[in-house]
Amino acid sequence: MGQSVVVIAILLALAWALLVLPARRRQRAHQAMQDGIVEGDEIITAGGLHAVVVEAGDQEIRVEIAPGVVARLDRRAVAAVARDAGPGED
């Protein structure tokens, strides 16, 4: 009985380490990316829209989605900050 409890505890600890911790790490990295958005960044929204940040507030950002077309966007809707591909990269 005592050994089975130890085995179950070890399995639960392994499941925690392999499933929960990496998910939390990804969530913190995504939050840091959203918090680090500054004017001039090219972003990709959760809906797949590419835009350039023209103004960054605490909760909302203003993005230019076409020349002269500026829209408001909640920071939480940003999926990624697009990075320019260097020479020879696609």
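This is a predicted model: local features need pLDDT of at least 70, side-chain atom pairs count only at pLDDT 80 or more; totals for chains, interfaces and linings use all residues.

Reader: Noted. So where does aspartate 41 sit, and is it buried or exposed?

Author: Aspartate 41 is in the loop between α1 (2-35) and β1 (42-45). Its relative accessibility is 17%, so with the cut-off at under 20% it counts as buried.

Reader: What does the side chain of aspartate 41 have close to a polar atom?

Author: The backbone nitrogen of valine 38 is 3.1 Å from a polar atom of that aspartate 41 side chain.

Reader: And which residues is aspartate 41 in contact with, leaving aside neighbours within four places in sequence?

Author: For aspartate 41 those are Gly36, Ala51, Val52, Val53 and Val81.

Reader: Ok, zooming out. What's the secondary structure of the protein?

Author: There's 1 helix and 5 strands. Along the sequence the pattern reads α-β-β-β-β-β.

Reader: Why call it more spread out than a compact globule?

Author: Its radius of gyration is 20 Å, while the globule rule gives 12 Å for 90 residues, so the protein is more spread out than a compact globule. As for the box, the C-alpha atoms fill roughly 70 × 35 × 20 Å along the principal axes.

Reader: How much of the protein counts as buried?

Author: Of the 90 residues, 16%. The accessible surface comes to about 6800 Å², and carbon and sulfur atoms account for 58% of that.

Reader: Switching to charges: how far apart are the mean positions of the positive and negative ones?

Author: They're 13 Å apart, with 9 positive and 12 negative charges in the protein.

Reader: Back to residues. Where is glycine 57?

Author: Glycine 57 is in the loop between β2 (50-56) and β3 (60-66). Its relative accessible area is 29%, so glycine 57 is partly exposed.

Reader: How far is glycine 57 from glutamine 27?

Author: Their C-alpha atoms are separated by 21 Å, and the two residues are 30 apart along the chain.

Reader: Which strand holds alanine 66?

Author: Alanine 66 belongs to strand β3, and at 31% relative accessibility it counts as partly exposed.

Reader: Last one: where's alanine 71, and what is it in contact with beyond neighbours within four places in sequence?

Author: Alanine 71 is in strand β4 (residues 69-74). Beyond those neighbours, alanine 71 is in contact with Ile61, Arg62 and Val63. At 25% relative accessibility, alanine 71 counts as partly exposed.

Reader: How far off is alanine 51 from alanine 71?

Author: C-alpha to C-alpha they're 9.4 Å apart in space, and 20 residues apart in sequence.

Notes
Residues are numbered from 1 along each chain as its sequence is written. Side-chain values use heavy atoms; hydrogens and water are left out. Helices (H or I, at least four residues) and strands (E, at least two) are DSSP runs, numbered from the N terminus. The radius of gyration is taken over C-alpha atoms; the globule rule is 2.2 Å times the number of residues to the power 0.38. Buried means under 20% relative accessible area, exposed over 50%, partly exposed in between (1.4 Å probe, protein chains only). Accessible areas come from the Shrake-Rupley method with a 1.4 Å probe; for residues, only the protein chains shown count as cover. Lys and Arg count as positive and Asp and Glu as negative; His and the chain ends are not counted. The place of a charge is taken as NZ of Lys, CZ of Arg, CG of Asp or CD of Glu. A polar contact is a pair of N or O atoms within 3.5 Å; within protein, one must be able to donate a hydrogen and the other to accept it, and residues adjacent in sequence count only if both atoms are side-chain atoms. Contact means heavy atoms within 4.5 Å.
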